[in-house]
Amino acid sequence: MTAVPGLIAPGTLSPVADLVVVPGGLRVIGLDLSLTSTGVALPDGTTYRIKTRSEAGDRRLLHIRDSIRDDLAEHRPHLAVVEDLPKHAMAAGITAKVHGIVLGELLDAGVPYAYVVPATLKAFACDNGRADKAQMAAAAYLAAGAEFADDRGGDQADAWWLRTAGHDALGQPLFGVPQAQRDRLLKVSWPEVAR
C-alpha cells in the first residue's frame with residue numbers, strides 16, 4: 001500500500017471498500033449544523049444535506065428538527081458527533097438556534113453526543129487545522145473513496161468526517177489514519193456510549 005502523506009499511514013487498515021459495513025455494529029451519525037444547509041452523515045455511511053430557504057424564516061428550524069428526528073428514529077445511533085460552534089464566529093448566534101433544537105432532539109431520543117470544533121476536525125482529517133472545504137472532500141476521497149454530490153459548501157464532507165471521528169474515537173475506525181491525526185481527537189470530550 002502506498003502511503004498518502006497526512007492521511008493513511010503505511011501498515012494501517014486499508015480504506016474500506018463498502019462504507020455501509022459498520023464495524024462492530026456501532027452506529028454513529030455526523031451532523032454539520034447550519035440554518036441554510038445542514039450536512040448529515042448517517043450511520044450507514046450515506047450523506048445528504050437538509051437545505052432550507054431564507055424565505056421560511058425561523059420555520060426552517062422545524063424542517064431541520066423534523067429531518068433529524070426522522071433520522072434518529074430510523075437509524076437509532078449510539079452516538080451523534082456534532083461540529084461545534086467556532087469561537088468568535090459572526091453567525092454563531094444563528095447557528096446556535098439550530099444547535100439548540102437539534103440538541104433537544106438528541107436528548108429526547110437518548111442519543112449521547114460529542115462536539116468537535118472545526119479546527120480539531122480539520123486536523124484529524126487533513127493534518128491541518130485550517131484545511132478548506134475542498135481539502136476536506138479530497139481527504140475523504142483519498143482515505144476511503146468517498147464522494148459527495150452537490151456539496152459546494154462542504155457540509156456533507158464535514159458530516160462524513162464527524163461520523164468517521166466518532167468511529168475512530170470509540171475504537172472502531174473505518175480506516176487507518178496516522179497516530180498524530182488520531183491524537184487530535186483526544187481534545188474532544190467523548191461521552192460513554194452503550195451499544
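Helices here are DSSP runs of H or I with at least four residues, strands are E runs of at least two, and both are numbered from the N terminus. With that settled, hello everyone: the protein has six helices and five strands. Before we go on, this is a predicted model, where local features need pLDDT of at least 70, side-chain atom pairs count only at pLDDT 80 or more, and totals for chains, interfaces and linings use all residues. Residues are numbered from 1 along each chain as its sequence is written, and side-chain values use heavy atoms, with hydrogens and water left out.

Let's take the overall picture. Along the sequence the pattern reads β-β-β-α-β-α-β-α-α-α-α. I'll call a residue buried under 20% relative accessible area, exposed over 50%, and partly exposed in between, using a 1.4 Å probe and protein chains only. By that rule, 47% of the 195 residues are buried. The accessible surface, from the Shrake-Rupley method with a 1.4 Å probe, is about 9400 Å², and carbon and sulfur atoms hold 54% of that. A contact means heavy atoms within 4.5 Å. Of the contacts between residues at least 6 apart in sequence, 65% join residues at least 24 apart.

Now the hairpin. Two strands pair if DSSP finds at least two bridges between them. Strand 2 (residues 37-41) and strand 3 (residues 47-51) run antiparallel and are joined by five bridges. One to find on your screen is Gly39, whose bridge partner in strand 3 is Arg49. Five residues lie between these strands, and in this hairpin Gly45 has a positive phi near 95°.

Next, helix 1, residues 59-75. Its 17 residues reach 25 Å from first C-alpha to last, close to the expected 24 Å; the expected span is 1.5 Å times one less than the number of residues. Which residues of helix 1 are buried? They are Arg60, Leu61, Ile64, Ser67, Ile68, Asp71, Leu72 and His75. They sit on the same side of helix 1, because they cover an arc of only 135° around the axis, taken from the directions from the helix axis to the C-beta atoms. An α-helix has 3.6 residues a turn, so residues three or four places apart point the same way. On the other side of helix 1, Arg59, Asp70, Ala73 and Glu74 are exposed.

On to the cores. A nonpolar core is a set of buried Ala, Val, Leu, Ile, Met, Phe, Trp, Tyr and Cys residues joined through side-chain atoms within 4.5 Å. The largest has 30 residues, and Met136, Trp160, Trp161 and Phe175 touch the most other members. Strand 4 (79-83), strand 5 (113-116), helix 3 (118-126), helix 4 (133-144) and helix 5 (155-169) each give this core at least two residues. A second, separate core has 17 residues, including Ile29, Val40, Ala80 and Val98.

Met136 brings us to helix 4, where the buried residues are Met136, Ala139, Ala140, Ala143 and Ala144. Their arc is only 100° around the axis, so they share the same side of helix 4. What do they pack against? The buried residues of helix 4 pack against helix 3 and helix 5.

Last stop: Ala123, in helix 3. Ala123 is buried, at a relative accessible area of 4%. Beyond its neighbours within four places in sequence, Ala123 contacts Asn128, Gly129, Gln181 and Arg184. The C-alpha atoms of Ala123 and Met136 are 9.9 Å apart.
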